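Have a look at the picture, then work through each solution step by step.

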There are 2 protein chains.
Amino acid sequence: MQVTPAKRKQRRKSKRAKAHSLSRSLCPIANVLEVVGDKWSLLIVRDLFRGKSTYGELLNSFEKIPTNILAERLKRLEAAGIITSSPYQERPVRNAYTLTKKGSELADILQALVKWGKRHIPGTKIYANQRRVLRKL
Amino acid sequence: MQVTPAKRKQRRKSKRAKAHSLSRSLCPIANVLEVVGDKWSLLIVRDLFRGKSTYGELLNSFEKIPTNILAERLKRLEAAGIITSSPYQERPVRNAYTLTKKGSELADILQALVKWGKRHIPGTKIYANQRRVLRKL
DNA sequence: ATACTCACTTGCACTTTGCAAGTTAGTACC
DNA sequence: GGTACTAACTTGCAAAGTGCAAGTGAGTAT
């Protein structure tokens with residue numbers, strides 16, 4: 001109780017302007033990659049398709065996403081309207097992350113990735129559960 | 001004249017082992033993202049679909065890819081069997097980059113990205129030329 | 001009161017990116 | 001043969017991002 005919080009945020013401002021032209025591109029490909037064009041975002045979406053929903057479940061993905069990256073990506077994905085978080089229980093509050101309609105429509109992209117990967121990268125597999133979920137959409 | 005001696009500067013080795021588990025994943029999504037899951041690779045592929053082929057043409061993409069990034073990505077994409085480079089003229093040697101069959105089959109992924117982007121990101125467009133090329137495949 | 005769990009947050013070393021400037025090989029003109 | 005120019009990279013370096021481990025806070029269990 002007596003512990004002083006003293007949270008010093010001290011966020012370092014970027015000195016270099018972030019005004020990179022990618023975001024101003026009219027190309028839908030460039031714009032989509034701005035949102036989900038990194039190594040982890042689509043894996044999080046994949047896991048949500050697979051039925052995971054809590055922070056802990058997502059953290060235990062096979063690829064072992066670092067916890068700070070997961071937290072940051074969840075914020076970004078929520079800000080982008082791809083996922084929503086809502087408490088599934090009070091006391092203690094536990095949030096569940098779920099795909100929005102916009103997010104669930106990423107299924108086409110995941111399917112295309114799976115199709116290409118299975119054809120061109122040896123040794124890849126798809127889990128039955130995931131296939132079923134992706135088929136449905 | 002003789003072929004110039006390869007001036008191989010010593011590549012800085014990473015001190016931290018790069019043995020991240022992503023590459024060991026069986027999931028095709030994770031594996032595909034290992035290869036093209038960054039901000040630039042698929043834009044290069046997009047431009048090759050659009051008909052660009054030389055280094056200079058790719059450098060002048062709307063999104064202004066930095067030149068060292070372009071050079072590095074071209075090497076990676078070639079190593080991954082997604083593109084090939086071949087001289088289209090001698091004296092001076094000029095190389096043209098083209099998609100392999102494996103690379104051209106990324107069209108499905110690009111199409112899925114375009115479809116989702118047009119639906120969910122306002123202000124995006126697709127160029128007639130690109131649409132035609134992507135339709136063909 | 002102590003230990004434990006979940007869901008994060010913070011600190012920091014290391015890595016990747018992005019910008020600019022430099023290099024290499026050739027052509028063009030004078 | 002000297003300067004100018006072009007294409008295709010390469011290099012240097014600071015800024016931004018990533019990944020690991022450790023810390024935090026709210027709540028539960030004993």
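**Exercise 1.** Find out why the copies can be said to meet through the same surface.

*Solution.* In chain A, 100% of the interface residues are also interface residues in chain B, so the copies meet through the same surface. Before going on, note that this is a predicted model, where local features need pLDDT of at least 70, side-chain atom pairs count only at pLDDT 80 or more, and totals for chains, interfaces and linings use all residues. Residues are numbered from 1 along each chain as its sequence is written, while chains are lettered from A and ligands numbered from 1 in the order in which they are written.

**Exercise 2.** Work out which helix gives the largest share of chain A's side of the contact.

*Solution.* Start with the totals: 40 residues from chain A and 40 residues from chain B take part (contact means C-beta atoms, placed from the backbone, within 7 Å). Next, α1 (28–36), α2 (41–49) and α6 (107–120) of chain A each supply at least two residues to the side touching chain B (helices are DSSP runs of H or I, at least four residues, numbered from the N terminus). The largest share, 12 residues, comes from α6(A).

How values were computed. Two residues are in contact if their C-beta atoms, placed from the backbone, lie within 7 Å.
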